Amino acid sequence: MYLGSLVNNVNNTSEEILRRIELANKSYFALKKQFNSRLLSRGTQCRIYKTLVKPMLMYASKRWVMTESDM
């Protein structure tokens, strides 16, 4: 781990991509009660998603090299 990203010696980003997807899923399901709440407007729910879930997935994604299997 370096600055929150998984780094290995063969520069394989598949593990990091799967790890990020798992972290985003955990974050989403931890907030599922809020996403299903009728007390929060759809705009507020979208803002919660954009600020808490999406960054977990997209952190350091600019340096990922996508292979055919990753797609």
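Accessible area here is the Shrake-Rupley surface traced with a 1.4 Å probe. For this predicted model, that surface comes to about 5,800 Å² for the chain, and carbon and sulfur atoms hold 59% of it. Of the 71 residues, 21% count as buried.

The fold is simple to read off: there are 3 helices and 0 strands, running α-α-α along the sequence. Among contacts in the chain with a separation of 6 or more, 56% link residues 24 or more positions apart.

Helix α3 takes up residues 42–58, and its length checks out: 17 residues at 1.5 Å each should span 24 Å, and the end C-alpha atoms sit 22 Å apart, so the two values agree. Still, α3 has a kink of about 35 degrees, centred on Lys50. Gln45, Ile48 and Val53 of this helix are buried. The cover over the buried residues of α3 includes α1 (14–30) and α2 (32–35).

As for α2, one of its residues is Gln34.

Technical notes
Residues are numbered from 1 along each chain as its sequence is written. This is a predicted model: local features need pLDDT of at least 70, side-chain atom pairs count only at pLDDT 80 or more; totals for chains, interfaces and linings use all residues. Side-chain values use heavy atoms; hydrogens and water are left out. Helices (H or I, at least four residues) and strands (E, at least two) are DSSP runs, numbered from the N terminus. Buried means under 20% relative accessible area, exposed over 50%, partly exposed in between (1.4 Å probe, protein chains only). Contact means heavy atoms within 4.5 Å. The expected span of a helix is 1.5 Å times one less than its number of residues. The bend at a residue is the angle between axes fitted to the seven residues ending there and the seven starting there.
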